[in-house]
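Subject: A structure for you to explore

Hello,

Here is the structure I promised to pass on to you. Have a look around it first, and then read on for what turned up.

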Amino acid sequence: MKKALALITTLLFTIALASCGNTSTTSSGDASLSPQEASTSEIADVPAETVNAESDPTSPDTESPTGESNLPEKSSTNSSYSMGETVLVDDDHCAFTITGIKDSRSSVELNVQCENRTDLVLIFSWNNTTVNGCVCDPFWATEVAAGKTAYSSISFSKSDLETFSLLPVDELQFDLHIYDSDDWLSESFVNERFAIYPTSLSADSIAYPPRLVSETEQVVVDNDDFTFIIYSSTPDGFYGYSILAYIENKTDSTLMFSWDDVSVNGIMCDPFWASEVPSHAYSYEEISFCDSDFEEKQ
């Protein structure tokens, strides 16, 4: 089901991108559109497997295997992060290891090793990723040939992390998905949720940052299950006019949020938007409308 959902989401994104095109970066304004409905549906209830990072300042750096010019380093490069080599999966079919974390001026990167022990081509991917409780997906996946090992980096933009006060990265939660590249409907080799702690803090000691607020924000829904708040709008979103929203999932399951039957100034105009928010996580969303749609429907 999740593979099919990912494929549908990708197709919708491609269609929207082809019809709209890019615009400039955002500038905040007052929210002038209220959704007629913010709908949710229960997707999954997968407990996170926790991995704590252990620091070892006396351990020497480990060099990458020779014969490859683009292999990532296997050591942390900033004292804020103490995570060493951490094996998340190791079975007869595949292995997935975080070999280190790098903190550069522009990004925070996890170096990973993906080992395919089958006679199939496998895809390794991260989904539903959160940083300190906030949805922040790196859109990472890599394909590994049968019997081969691949080295890759999973990167998070520091400018994005700073915008939502997510530095340092104390907690990362994500769904690790490993499956047959040629048969998306076959049973996955791995489909588990993990939690890792790059700064060696524990889940109980992490305080998530407060949400962004606006004087003009509108609370659409706030109940025991979820919160949906429109806190701003901008004419210069990814596609054009955009609504900026905050969503908090208070349940034990992943929820899907979407807008349907949307009208703007009395004229039907759907934004082609939907978003998954994992259990007990929150998300900042840009719900965009195409400028071309606005021009055609005036």
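What follows is a short tour, from the whole chain down to single residues.

Please keep in mind that this is a predicted model.

**The chain as a whole**

The chain has 298 residues, and 45% of them are buried. Its secondary structure consists of 3 helices and 19 strands. Among contacts with a separation of 6 or more, 67% are between residues 24 or more positions apart. The exposed surface comes to about 15,400 Å², with 47% of it supplied by carbon and sulfur atoms.

**The nonpolar cores**

In soluble globular proteins, nonpolar side chains tend to be buried together. Here, the largest nonpolar core holds 39 residues. Which of its members touch the most other members? They are Phe96, Phe124, Trp126 and Leu176. If you click on Leu176, you can look for its contacts beyond four places in sequence, which include Val89, Phe96, Trp126, Val190 and Phe194.

**Aromatic rings**

The count of aromatic pairs comes to 16. One of them joins Trp126 and Phe174, which are stacked, with 3.7 Å from centre to centre and 5 degrees between the planes. Planes under 30 degrees apart count as stacked, so this pair qualifies. Trp126 is in strand β6 (residues 122-131) and Phe174 is in strand β10 (residues 172-180), so the pair ties together parts 48 residues apart in sequence. Both Trp126 and Phe174 are buried.

How are the rings of Tyr208 and Tyr282 arranged? Their centres are 6.4 Å apart and their planes are at 55 degrees, so this pair is tilted. Tyr208 sits in the loop between β11 (190-197) and β12 (218-222), while Tyr282 belongs to strand β19 (residues 282-288). The two are 74 residues apart, and their pair links distant parts of the chain. Tyr208 is partly exposed, at 37% relative accessibility, whereas Tyr282 is buried, with a relative accessible area of 6%.

Tyr208 and Tyr282 also belong to one aromatic cluster, together with Phe164, Tyr231, Tyr246 and Tyr284. Over the face of Tyr246 you will find Arg211, at 5.6 Å from the ring centre.

Gln113 is in strand β5. Is Gln113 buried or exposed? Its relative accessible area is 16%, and buried means under 20%, so Gln113 counts as buried. The side chain of Gln113 makes a polar contact of 3.2 Å with that of Tyr151.

Leu120 lies in the loop between β5 (107-116) and β6. At 32% relative accessibility, Leu120 is partly exposed. Which residues does Leu120 contact beyond its neighbours within four places in sequence? They are Val144, Ala145, Ala146, Asp180 and Phe189. With Ala145, the separation is 25 residues in sequence and 7.0 Å in space, C-alpha to C-alpha.

Enjoy exploring!

Best wishes

Definitions and conventions. Residues are numbered from 1 along each chain as its sequence is written. This is a predicted model: local features need pLDDT of at least 70, side-chain atom pairs count only at pLDDT 80 or more; totals for chains, interfaces and linings use all residues. Side-chain values use heavy atoms; hydrogens and water are left out. Rings of Phe, Tyr and Trp (its six-membered ring) pair if their centres lie within 6.5 Å; planes under 30 degrees apart count as stacked, over 60 as edge-to-face and the rest as tilted. Helices (H or I, at least four residues) and strands (E, at least two) are DSSP runs, numbered from the N terminus. Buried means under 20% relative accessible area, exposed over 50%, partly exposed in between (1.4 Å probe, protein chains only). A charge sits over a ring if NZ of Lys or CZ of Arg is within 6 Å of the ring centre and within 35 degrees of the ring normal. Contact means heavy atoms within 4.5 Å. Accessible areas come from the Shrake-Rupley method with a 1.4 Å probe; for residues, only the protein chains shown count as cover. A polar contact is a pair of N or O atoms within 3.5 Å; within protein, one must be able to donate a hydrogen and the other to accept it, and residues adjacent in sequence count only if both atoms are side-chain atoms. A nonpolar core is a set of buried Ala, Val, Leu, Ile, Met, Phe, Trp, Tyr and Cys residues joined through side-chain atoms within 4.5 Å.
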